[in-house]
Amino acid sequence: MSHGTMSVPHKGLAHDEVLQRMKEMRSEDARWKEGKTFSLVYYAGEEISALVKDAYTMFMAENGLSPLAFNSLRRFETEVVAMAADLFHGGTEAAGTMTSGGSESILMAVKTARDWARAERGVTEPEMVLPITVHPAFEKAAHYFGVKAVHAPIGRDFRADVDEMEKRITDRTILVVGSAPAYPHGAIDPIEEIAALAKRRGLLCHVDACVGGFLLPWAKRLGYPIPKWDFEVDGVTSISADLHKYGFAAKGASVLVFRNAALRRHQFFTYGEWPGGLYASPSMTGTRPGGAIAAAWAVMHFLGEEGYLKLARQILDTTRTFREGIAAIPGLRICGEPAMSVFAFEATDFDVYALGDAMEAKGWKLDRQQRPPTLHLMITPAHALIADQFLADLRACAASLQRGEPAPEGSAAMYGMAGAMPAEALDGFLLDFIDGLYGTPA
Ligand SMILES: Cc1ncc(COP(=O)(O)O)c(C=O)c1O
């Protein structure tokens, strides 16, 4: 008999009842299908969702841990990686694997760099130089794998400052990183300069294209001025890119591609002495969901170049509507020159967090950012139909704040408080927060 807050029900429920309960539980979830959210879900319509769902459920039970048992999954994965490598100008030498998402791809890129530098250069206290705008998964990797994260400030254009990065390189540096683009302001770091620096100093260079990897190539083909960021650039040694973002695959799908298979060998884990058998695994997880691998292969074949180009055109057209609309609102300013559909804006003469709260009261969920305070947008096809309503609400909310009217109460106060806290206090605050979230059933 358990004494916890909840036990496994004594008697099971009927199929329909289980689903009915779950439907009720989701009733207050974020309304992503209606374009009310600007992160977390990349939705491109029912036709694509239906295909992804069918492919996912077809392989829901299969396990990517054993490519010997499931040759289909091995084929899907190697073909997905080959298609991605081709898109990123990897030529015939490029080699990679799929992972469960951007964070796992980044974790594996850092672990690979650490093991490569240990084997090739004898580095035992590794460091990596990161522009402050890289995704926190690099901090996580530093924490997990004992690699020191050395932070470099960014320039006024929100891009990595390569001189500042170079100043931080030591004998222990193993890796430099650039993003294409970085999440906070959508700026593409100067990858050619970062990769040249890496080459000059004998370092590896990772490009985090988790958000841009499956959009930038299409944007370039459509004529947008996209700087070089992939294996075309000499010195780039690995790239992460998420299929579950602008690849429109099911969640749990990313690729990590290396310039060659010799680098990738340092990613793998093997253990030959286990009584349970000979063990070899490519990435962090043991069991790997077959559904996510299968759905990624399926959506790439379903959309093809034509489908991806069509979606990219729609996303970038909608982005232009949003950006021009926001830039025309008095008191609002877009940060830097975002490369694609991910960007941020700041308020010049009122509290941008209060604007976030006012928009939230109208049903719009906008992510708050800090240093400097901004609101963040990530545009998908789901936003094409709601752009005008969004801009009208934003205009009205901004005008009200400019007149000095109060915003409805929301998270502005919390962000204000967090902004004033020293780093250790902030970590404690966040730990308490997450502890609370996972404490007891709601
Ligand atoms: C640039 C960038 N890299 C990495 C990630 C991490 O991806 P995931 O949440 O799939 O782990 C994100 C997520 O938004 C991102 O924007």
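Author: Let's start with a term: a salt bridge here is a side-chain nitrogen of Lys or Arg within 4 Å of a carboxyl oxygen of Asp or Glu. Side chains of opposite charge can pair when their charged atoms come close. A word on the ground rules: this is a predicted model, where local features need pLDDT of at least 70 and side-chain atom pairs count only at pLDDT 80 or more, while totals for chains, interfaces and linings use all residues. Residues are numbered from 1 along each chain as its sequence is written, and side-chain values use heavy atoms, with hydrogens and water left out.

By that rule, the count comes to 23 salt bridges. One of them joins E46 and K33, at 3.1 Å from N to O. That pair ties together distant parts of the chain, 13 residues apart: E46 sits in helix α2 (residues 46-58), and K33 in the loop between α1 (15-25) and α2. (Helices are DSSP runs of H or I with at least four residues, strands are runs of E with at least two, and both are numbered from the N terminus.) E46 is partly exposed at 46% relative accessibility, and K33 is partly exposed with a relative accessible area of 46%. On this scale buried means under 20%, exposed over 50%, and partly exposed in between, using a 1.4 Å probe and protein chains only.

Now for the part you asked about: R368. Its side chain meets D357 in a salt bridge of 2.7 Å, N to O. Here too distant parts of the chain are linked, with R368 in strand β12 and D357 in helix α11 (residues 352-361), 11 residues apart. R368 is buried, with a relative accessible area of 12%, and D357 is buried as well, at 5%. R368 also has a salt bridge with E360, at 2.9 Å from N to O. E360 is partly exposed, at 33% relative accessibility.

What about the sheet? Four strands form an open one in the order β10-β11-β13-β12, with antiparallel pairing; two strands pair if DSSP finds at least two bridges between them. β10 (332-334) and β12 (367-369) stand at the edges with a single partner strand each, so one side of each has no neighbour in the sheet. For β12, the pairing with β13 (residues 374-378) is antiparallel and runs over three bridges. Within β13, L375 is the bridge partner of R368.
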